[in-house]
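Colleague: I'd like to learn how to read a protein model from the inside out. Could you walk me through this one?

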Amino acid sequence: MNTPTGPPPTDRKDRKLAPDLARGAMLLLIAMAYASVYAGGGFGTDVSGEALPDRVAAFVTTLFLDNRAFPMFAILFGYGMAWMVARQTARGTADAEVRRLLRRRGLFLLLFGFVHAVLVFPGEILASYGLAALVTGWLLLRPNRVVVRAAVVFAVFYALAVPAAMILMAAGSAGGSEDWGLPGYLTVGDWGMRLVSAPFSPLFIAVAYPLLLLVVLGYLAGRAGLLDDPVAHRALLTRIAVGGVAVSLAGALPSALVAVGAVDAGGLAVGLFMGLQVLTGVCGGAGYAALFTLWSIRLDRTGGVVTRAVAAVGRRSLTFYLLNSVLVAVALHPELMGLGTRVGGAGALAVAALAWCVSLVLAAWSERTGRPGPMDALMRRLVHGGIPRRREPRPAG
């Protein structure tokens, strides 16, 4: 028997603005977080000796982006999974078939992520979400109390695992290379490193970062329909936005101050500060998602062409996640255009913003012409079978 999974799902033709707007804006934050790595300013990097604009960029990135965009995306991913299961349940799909769809989605995300990691960015997140779908997807066919218990178990686990992992990372990076995540393209060793590291990255992220907790929180939010009916949940969303962002900023501040040299800390303290930054990113991701959802209440009535373009990016999030990553890599990787070593951290953020603007233009054109994102359409076809129907073009005006 199918287990109820929340309110009746929204039909694709009547999609709510909030989830798509949040996904579209979130892709800008992820592109910026990736760009910082190419400029040598990834999370936990000491930039105290860099130029003032680059120190400011690193401070802002640590405070607002690092381990904040990723949690927001993870929560939205879980939300989308809950939405998919609710829709299948409403159609009377058998539990066995729903499990098969969840497995296929997880496996194909692993495949997409593996290819992306090998060819573009080893620190990518698609494979991690595929792993999360395979590990936790069964919860979507269980009662809410089971999902809540799983969230509690994951919260306790990560409260212990994240600080331990960050302390080890801080100890390992002391005096080490800052471009650990950026193998090149020119040697057999580079490609060997890409191939070897790709399968282990999702496992590392699942243990060292609160991935599984975030996805399960997304399941709970999806079952409650928080993003589909923001007006009805305005008070709760406001508390999540204000409290989540406040906790996020407070938890990230010590790491941001250490990164720019404003606070001098030893290895253990640096690791603990990093652990605090990562753990409070759970609150940050939830707060950002709630903030964009509240924003959508007004934009749903008054939003113009830019709002529609951002939502169009969110409706094609897989396609534009990959496109942004490729554009950022081509522009910034030292063995491609190589701008990362010349423009610094501040310039890298600008490059990421430009890449996202390209996505905005392409997404707006796709929306007007009724075209799905090619990678999103391919994923739907692989998971569900069949050829996705082309949406009707939007009327002009």
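This is a predicted model: local features need pLDDT of at least 70, side-chain atom pairs count only at pLDDT 80 or more; totals for chains, interfaces and linings use all residues.

Colleague: How many helices and strands does the protein have?

Modeller: Start by counting the elements: here there are 14 helices and zero strands.

Colleague: What share of the residues counts as buried?

Modeller: That's 53% of the 397 residues. Contacts are worth a look too: among those with a separation of 6 or more, 84% join residues 24 or more positions apart.

Colleague: Which residues have the most contacts inside the largest nonpolar core?

Modeller: Y129, M166, L211 and Y321 do, in a core of 112 residues. Helix α1, residues 17-38, brings the largest share of this core, with 15 residues. For a close-up, take L211: leaving out residues up to four places away in sequence, L211 touches F70, A74, S128, Y129, A132, Y158, I205 and A206.

Colleague: Now the holes. How do you find them?

Modeller: The general idea is that rolling a probe the size of a water molecule over the atoms shows where empty space is left. In this structure, there are two cavities of 30 Å³ or more.

Colleague: What lines the largest cavity?

Modeller: This cavity, with a volume of about 40 Å³, is lined by G113, F114, A117, P122, E124, A127, S128, A198, S201 and P202. By class, that lining has six nonpolar, three polar and one charged residues. Helices α4 (95-119), α5 (126-136) and α7 (188-208) each supply at least two of its residues.

Colleague: Which helix gives the most to the lining of the second largest cavity?

Modeller: α1 does, with four residues. The second largest cavity holds about 30 Å³ of space, and its lining is L27, I30, A31, Y34, Y321, N324 and S325. Both α1 and α12 (317-332) supply at least two residues there. Sorted by class, this lining has five nonpolar, two polar and no charged residues. You've met Y321 already: it was among the residues with the most contacts inside the largest nonpolar core.

Conventions: Residues are numbered from 1 along each chain as its sequence is written. Side-chain values use heavy atoms; hydrogens and water are left out. A nonpolar core is a set of buried Ala, Val, Leu, Ile, Met, Phe, Trp, Tyr and Cys residues joined through side-chain atoms within 4.5 Å. Buried means under 20% relative accessible area, exposed over 50%, partly exposed in between (1.4 Å probe, protein chains only). Contact means heavy atoms within 4.5 Å. On a 1 Å grid over the protein atoms alone, a cavity is a set of points where a 1.4 Å probe fits but cannot get out, and a pocket is an open set with protein on both sides within 12 Å along at least five of seven lines; lining residues have an atom within 4 Å of a point. Grid points are joined across faces, edges and corners, and a volume is the space filled by probe spheres set on the points. Ala, Val, Leu, Ile, Met, Phe, Trp, Tyr, Cys and Pro count as nonpolar, Asp, Glu, Lys and Arg as charged, and the others, Gly among them, as polar.
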